[in-house]
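Student: I have a model open and some questions about it. Can we go through them one by one?

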Amino acid sequence: MSQSQMQDESNLNTLDPNWRNDALDLGLDYGMQTIAVRAGQHRTDEGEHSEPIFTTSSYVYQSAADAAAHFDGTKTGNVYSRHTNPSVRTFERRLAALENGERAVATASGMGAILTMCLAYLKAGDHLLAANQLFGSSIGLFNNYMAKFGVEVSYVDCFDNEAWAKAVQPNTKVIYCESPSNPLAQICDIGYLSQLCKANDILLVVDNCFATPALQRPLDLGADVVIHSATKYLDGQGRVLGGALVGSDALMQEAFTVVRSGGISMSPFNAWVFTKGLETLKLRMQAHCHNANQVADFLVNHPNVSTVHFSGLSDHPAHELATRQHHMKDGYGAIMGFEVKVSDSRDTKEAAWHVIDSTQMVSITNNLGDAKTTITHPATTTHFRLTAEARAEAGVKDGLIRLSVGLEDVEDIIKDLARGLDSL
Ligand SMILES: *Cc1c(COP(=O)(O)O)cnc(C)c1O
């Protein structure tokens with residue numbers, strides 16, 4: 001690639017007319033699978049077919065004056081990979097197109113994206129109103145650190161629209177939720193929350209990690225910012241950590257400066273893994289959801305299971321909402337919670353551990369969104385550090401097991417779960 005091309009292609013805000021995939025960057029007239037496979041790629045003069053990895057920390061200038069121009073803002077272009085990197089940008093452009101956002105900003109992890117969101121959109125004295133069911137570390141970040149910097153934090157039942165409306169305060173600046181949520185796969189009414197936010201000048205931020213754009217595009221439903229832990233389904237094979245924010249140019253510019261100043265940047269290698277992961281995201285999600293629907297049917301009919309938390313079940317309170325909100329047919333995600341039933345005075349935690357320990361194939365791990373099925377006991381792992389009240393608030397009971405249904409043959413997944421459940 002020539003030096004002048006390097007500068008053009010690194011401009012984040014204009015699209016070089018020579019880019020063959022400009023239209024794909026904008027998501028115009030292309031289907032979702034085409035965007036997933038092709039958007040955001042820029043071929044260099046080498047003519048490579050697949051997306052390369054740009055492992056470089058810095059970039060060269062044509063002259064001292066050219067360097068100065070990059071710093072005084074008269075020229076835009078790559079300066080340092082903590083700011084911009086071509087591999088990271090390919091991932092950002094592809095994800096932005098899939099989420100139907102103007103721009104995406106990649107981060108080192110999902111938590112990095114959530115921290116960036118806090119630093120970009122909240123300040124001391126503001127109120128952060130969050131769903132009561134969240135990824136454990138998100139609750140830890142809000143309670144331990146945002147509170148420390150003077151941000152007021154409170155939580156509401158994520159499925160209760162009236163509770164959301166009642167909890168809004170004059171200083172509420174951000175409403176934050178996951179849909180489906182962790183670990184109970186509860187659904188938030190994103191359209192409703194969007195109206196509530198617009199009426200009160202609040203930003204709606206949705207963690208779309210469990211649904212992914214293959215199932216749901218929160219920006220289309222009225223959200224302002226989408227958060228991703230790319231570590232999960234965007235990679236899909238549990239290899240690397242990463243995260244992202246997606247939204248309007250203006251909101252992403254604020255996030256970008258936080259990432260750049262705070263060093264929360266994604267590595268080029270990880271960006272490359274995620275870029276390739278996006279190519280198969282929809283196909284994987286279809287297969288994940290297909291398996292999950294069958295596992296949920298098995299669990300709901302098992303005598304030793306008291307409750308299955310999964311919106312794909314027709315009698316789930318959020319079934320109709322999820323059906324409306326998810327654009328993939330029969331796509332309710334592949335993460336579910338279920339509670340073991342114990343007839344005598346046996347401890348529900350012991351019973352849950354028995355089911356987990358009886359598996360032979362399924363991985364006992366806290367990760368999720370992987371090709372491999374994973375099983376977790378949230379009360380003693382992902383949500384262990386929360387206070388007992390915060391755990392109760394999040395609905396994390398001792399008998400609760402979280403399952404992330406993978407891509408193995410579904411009969412084998414069911415057989416593995418049955419081992420412990422049948423012998424309870
Ligand atoms: C894993 C996860 C996160 C955090 O992402 P990391 O990449 O582990 O930092 C945030 N939100 C949800 C819903 C998650 O599952």
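Tutor: Start with a term: a residue is near a molecule or strand if one of its heavy atoms lies within 4 Å of it. This is a predicted model, where local features need pLDDT of at least 70, side-chain atom pairs count only at pLDDT 80 or more, and totals for chains, interfaces and linings use all residues. Residues are numbered from 1 along each chain as its sequence is written, and side-chain values use heavy atoms, with hydrogens and water left out.

Student: Which of the 13 residues around the ligand come nearest?

Tutor: The shell around the ligand has 13 residues. Five of them come nearest: Gly110, Met111, Asp207, Thr231 and Lys232.

Student: How much of the ligand does the protein bury?

Tutor: Accessible areas come from the Shrake-Rupley method with a 1.4 Å probe; for residues, only the protein chains shown count as cover. Taken alone, the ligand exposes 380 Å². The protein buries 93% of that.

Student: Which helix gives the most residues to the shell around the ligand?

Tutor: Helices (H or I, at least four residues) and strands (E, at least two) are DSSP runs, numbered from the N terminus. The top contributor spans residues 110-121 and gives three residues. That is helix H6.

Student: How many residues of the shell around the ligand are charged?

Tutor: Ala, Val, Leu, Ile, Met, Phe, Trp, Tyr, Cys and Pro count as nonpolar, Asp, Glu, Lys and Arg as charged, and the others, Gly among them, as polar. The shell has five nonpolar and five polar residues. The charged count is three.

Student: Is Asp416 buried or exposed?

Tutor: Buried means under 20% relative accessible area, exposed over 50%, partly exposed in between (1.4 Å probe, protein chains only). Asp416 is in helix H17, residues 410-422. Its relative accessibility is 0%, so Asp416 is buried.

Student: Which side chain joins that of Asp416 in a polar contact of 2.9 Å?

Tutor: A polar atom of the Asp416 side chain also lies 2.7 Å from the backbone nitrogen of Met361. The side-chain partner at 2.9 Å is Arg419.

Student: Where is Pro180 found?

Tutor: The peptide bond from Ser179 to Pro180 is cis, with omega near -10 degrees. The bond from Asn182 to Pro183 is also cis, with omega near 0 degrees, and Pro183 is in the loop between S4 and H9. Pro180 is found in the loop between strand S4 (172-178) and helix H9 (190-200).

Student: Why does Asn100 count as partly exposed?

Tutor: Asn100 is in the loop between helix H5 (86-99) and strand S1 (103-107). Asn100 is not a glycine, yet its phi is positive, about 60 degrees. Asn100 counts as partly exposed because its relative accessibility is 47%.

Student: What is the relative accessible area of Asp201?

Tutor: Asp201 is in the loop between H9 and strand S5 (203-207). Its phi is positive, near 55 degrees, in a residue other than glycine. Asp201 is exposed, with a relative accessible area of 67%.

Methods
A polar contact is a pair of N or O atoms within 3.5 Å; within protein, one must be able to donate a hydrogen and the other to accept it, and residues adjacent in sequence count only if both atoms are side-chain atoms.
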